[in-house]
Amino acid sequence: MNPSLKLIFALIISLEITFTTHLTGNLLIIFGALLVLAYHRVSPHKVTKLALITLIPAAALFVTMAFFSPGHNVFFAWVLVSRLYCYVLVGGAVTLTTDKLTLIRSLEQNCHLPSKFAYGFLAALNLVPRIRQAVVTIRVAGQMRGVNLHWWSPTLYFKAILSAIQWSDQLAQAMETHGFVEGAPRTVAQPINITKRDWLLLIAGLALIQLVLIALP
Amino acid sequence: MRNKTFHLRDIILLALIAIIFGVIYYAAAFVYNGLTVLLTPVGYGPMANDITMGIWCMAGPLAGFILRLPGAAFLGEFLGAAVEMFLGDQWGAANLISGAVQGIATELGFTVTFYKLYNWLTVVLTSLFATLVTFGWDWFRNGYSHFAPHMLVIMLVVRFVSMLVFSGILVKLIVNMLVRAHVTKG
């Protein structure tokens, strides 16, 4: 399925289940998301890890709702737990099956995301390892002077932001010297199309979700 | 700052700031999980969310203070959520929704001052709006509507304090340092 449509579909599902309380519906959505993950051969290890991390907030919500709230509403507690798993698995069904370059290209070509956002964002994402390194360096440099910079120290953020300002200048300049012009028409190396099949899948999917959420208890 | 649109440089900067926050408070994620585990037996597990809420909302106000453009706070927060999504955070695409909610929430604090005021009052305003809007969102998302009233009041107060400390005071301290370094306008 086209990455943009897939993302939009996942966002619509997430929004809808936020405002509905259908346990069966949520369970079916979880099942559907698992099917999608299995179809794309996402490693079960990754999915299990997702499910385990979510156990912590899910358990917290369940305990509070079922034992410490006025109604002791166990049904609603299960709805909330299943809702959390819907978010996580539906989200995973998008992010674990699409690589970021394709998704951003698709957003640029199919959804008319301005290219400065698409490529600016991608350029920044590629700096993640350097930023990690920079944060470590700032901390170590502090320790050498006997200063321990915690995650709540403004100095740590200040120093990291100084590097970020420098990098954003350099990156923007580099992209412009390589011919990137904001708002100029661009040709694409790898066109991403929305096919009839993509639209059909989206419409059928949406219809199915409505059916599940409205018709089932 | 210069003119009223975002340029490539601003967009890269906002995304970089979002990544910095993501990298630094990745280390703080254990705070959230630890608090949740500790608070669950006494029935206050979801409060871990309120205690740490201010931490997740720091990128927005900071972006608003640095770039001083309408939409900067929203974009800072939203790009932060997008970064988290792409780095494989557990909430995946749902991040974009909460990012948008948090973005609108912090943006409102700047909007009511017509993007003219950038002082401690703005700090209080952004924290206040961020608290109210995100709390309203959790009212539906995490079923806060079913909690006991006294618990809701405690959680609302805790969330406001968290917002004020992290996305308010801490952000303002960072901005003050940037102003002293003449990186951004005072």
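Is Glu182(A) buried, partly exposed or exposed?

What we have here is a predicted model, where local features need pLDDT of at least 70 and side-chain atom pairs count only at pLDDT 80 or more, while totals for chains, interfaces and linings use all residues. Residues are numbered from 1 along each chain as its sequence is written, chains are lettered from A and ligands numbered from 1 in the order in which they are written, and side-chain values use heavy atoms, with hydrogens and water left out.

Now back to Glu182(A): this residue is partly exposed, with a relative accessible area of 27%. On the scale used here, buried is under 20% relative accessible area, exposed is over 50%, and partly exposed is in between, with a 1.4 Å probe and protein chains only. Glu182(A) has a salt-bridge partner in Lys116(A), at 3.9 Å from N to O. That pair joins the loop between α8 and α9 of chain A, where Glu182(A) sits, to helix α6, which holds Lys116(A), 66 residues apart. (Helices are DSSP runs of H or I, at least four residues, and strands are runs of E, at least two, numbered from the N terminus.) Lys116(A) itself counts as buried, at 18% relative accessibility.

A salt bridge, by the way, is a side-chain nitrogen of Lys or Arg within 4 Å of a carboxyl oxygen of Asp or Glu. The whole structure has six of them over all chains. Another one pairs Arg186(A) with Glu108(A), also listed at 3.9 Å, N to O. Arg186(A) is partly exposed at 40%, whereas Glu108(A) is buried at 12%.

Over in chain B, Arg159(B) and Asp50(B) form a salt bridge with the closest N and O atoms 2.7 Å apart. They come from helices α8 and α3 of chain B, 109 residues apart, and both are buried.

Let's turn to where the chains meet. Contact, meaning heavy atoms within 4.5 Å, takes in 65 residues from chain A and 62 residues from chain B. The area buried between them is about 5,800 Å², with carbon and sulfur atoms giving 83%; that is accessible area (1.4 Å probe) lost on putting the two parts together, summed over both. On the chain A side, Phe121(A), Trp151(A) and Tyr157(A) lose the most area, together 12% of what that side buries.

How many salt bridges are counted between chain A and chain B? The count is one: Asp169(A) with Arg9(B), their closest N and O atoms 2.4 Å apart. Helix α8(A) gives the largest share of the chain A side, 17 residues.

Finally, the inside. The largest nonpolar core has 120 residues, and Phe121(A), Ile131(A) and Leu62(B) have the most contacts within it. A core here is a set of buried Ala, Val, Leu, Ile, Met, Phe, Trp, Tyr and Cys residues joined through side-chain atoms within 4.5 Å. Domain 1 (3-98 + 192-215) and domain 2 (114-178) of chain A both contribute residues, so this core lies between them; the bounds come from an automatic or database domain assignment.

Phe121(A) is worth a look on your screens: beyond its neighbours within four places in sequence, its contacts include Ile104(A) and Lys116(A), along with Ile11(B), Leu79(B) and Phe86(B). And that brings us back to Lys116(A), the partner of Glu182(A). Thanks, everyone!
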